[in-house]
Structure formats: structure tokens, C-alpha cells
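This report concerns the packing and the side-chain contacts of one protein chain. Please consult the sequence and the structure shown here alongside the text.

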Amino acid sequence: MQARETQLLTLLVGQHQFVIPVFQRDYSWGGDECEHLVDDVLAVADGPDGAIHFLGSAVWVGSESGDAVLQQRLVIDGQQRLTTCLLLLMALRDHLKQSRAQVAPADSPDALHNRYLVNPYVDKPELRSKLQLRRVDNEWLQHLLLEAPEPKDRQSQVPANLAYLRGLIAEKD
């Protein structure tokens, strides 16, 4: 095992998928954790150039699954933070789209979506998302990210936290 320092967005770029294995717990962060993460991100953004925030560790191992073009990574530690960061990127994408803010093409909603949230060149629907959660959490993520059918089961923090993060971004603009 190797440890190295990297930035979240660097971690998300490229053709791969983070997979939450069956032995991990469901996504369980609530509003307090989401707000704390947003406050940390804003503190770094308002800080001096080069300011960083230690998000915590993310531990994964390569998987034998996937296909020739896409490596799957089984997440051993960091799934709550990773999931919330992806939801935050989704909320930011949606805010930029709705507000029609003038941003550089590289920061457009479509660019954020295709660079950090999905694997745009993958044909298999189950491999399109950069993150594959467990059970109903994954059904909700696929619905909200890729417009898959809406799950009947409402027992997931994914839609509630995405809505909460959208509200926080709109409030803090």
C-alpha cells in the first residue's frame, strides 16, 4: 500500500469508478456534516492563494471488475466524505446551470459534470457514474446524476443531502 497527498479534484479526474463495497455502511451523513464541509471549502476559497484543507484520508484498492477502459476502485475508507464531495459538486453544477453564471468553459456545468461526476465515454450505464454506492443509495445517486428511474425506497440520505447542499450554495452564492 502506498500513501500520497493529492487534491480531491485530481483524484476524480480520469476514467475510473469508486465503488463502495458491500461490507461498508450506507451513506449516513446529515446536514451538520454537510454544512461543516461547505464551511471548510468556503474558508479555503476565502483564504490566501495556495490555502488547503485536509479533507481526510481516502483508502481504496483496485478491483478486478470493470472493463478494459475503466478501473474500479473499492473504497475502504472515506466513503462518507467522498460521497458528500460528489453531492457538493452536483449541487455546484446545478447552481451554475440555474444561475447562468458567466464562468470559463472549463468550469461550466457540463465540464464539471463530465470531468468530475461521470465517465462520459463509457457505454455501460452501471459504469457511467464516478461513484457507485450501495443499494438504495446508489439507486438515488444514479437517479439524480444520470436521470435513472426514481427509486420507490425513500430510505436514503443522498437526495436529502443534495437538496440541503443546493440550498447552502444558493444561500452562500
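## Basis of the report

The structure is a predicted model. Local features are described where pLDDT is at least 70, and side-chain atom pairs count only at pLDDT 80 or more.

## The contact between α2 and α6

Helix α2 spans residues 31-46 and helix α6 spans residues 158-172. Their axes come within 10 Å and cross at roughly 40°, and the crossing is right-handed.

On the α2 side, the contact is made by G31, C34, E35, V38, D39 and L42. Their partners in α6 are N161, Y164, L165, L168 and K172.

## The buried face of α4

Helix α4 covers residues 109-117, and its buried residues are P109, A111, L112, H113, Y116 and L117. These buried residues pack against three helices, namely α1 (8-12), α3 (79-99) and α5.

S156 is placed in the loop between α5 (135-146) and α6. Is S156 buried or exposed? Its relative accessible area is 10%, which falls under the 20% limit, so S156 counts as buried.

Two kinds of contact describe the surroundings of this serine. The side chain of S156 reaches the backbone nitrogen of V158 at 3.1 Å. With residues up to four places away in sequence left out, S156 touches V136, D137 and W140.

## Salt bridges

How many salt bridges does a search of the whole structure find? The search finds six. One of them joins the side chains of R134 and D26, with an N to O distance of 2.9 Å. R134 lies in the loop between β4 (131-132) and α5, whereas D26 lies in the loop between β1 (16-19) and α2; the pair therefore ties together parts that are 108 residues apart in sequence. R134 counts as buried at 14% relative accessibility, while D26 counts as partly exposed at 27%. D26 and R134 also belong to a network of salt bridges that includes R135.

Another salt bridge links the side chains of D77 and R81, at 3.9 Å from N to O. D77 is partly exposed at 35% relative accessibility, and R81 is partly exposed with a relative accessible area of 21%. A further salt bridge is formed by the side chains of R154 and E150, at 2.6 Å from N to O. R154 has a relative accessible area of 52%, over the 50% limit, and is therefore exposed. E150, at 43% relative accessibility, counts as partly exposed.

## D32 on helix α2

D32 is located in helix α2. Its relative accessible area of 64% makes D32 an exposed residue. The C-alpha atoms of D32 and R135 are separated by 24 Å, and the two residues are 103 positions apart along the chain.

Notes:
Residues numbered from 1 in each chain as written. Heavy atoms only, no water. Axes fitted to C-alpha atoms, helices over the stretch in contact; angles between N-to-C directions. Helix = DSSP H or I, 4+ residues; strand = E, 2+ residues; numbered from the N terminus. Left-handed = near helix turned anticlockwise from the far one by under 90°. Contact = heavy atoms within 4.5 Å. Buried < 20%, exposed > 50% of the residue type's maximum accessible area, 1.4 Å probe, protein only. Polar contact = N/O pair within 3.5 Å; in protein donor to acceptor, adjacent residues only side chain to side chain. Salt bridge = Lys/Arg side-chain N within 4 Å of Asp/Glu carboxyl O.
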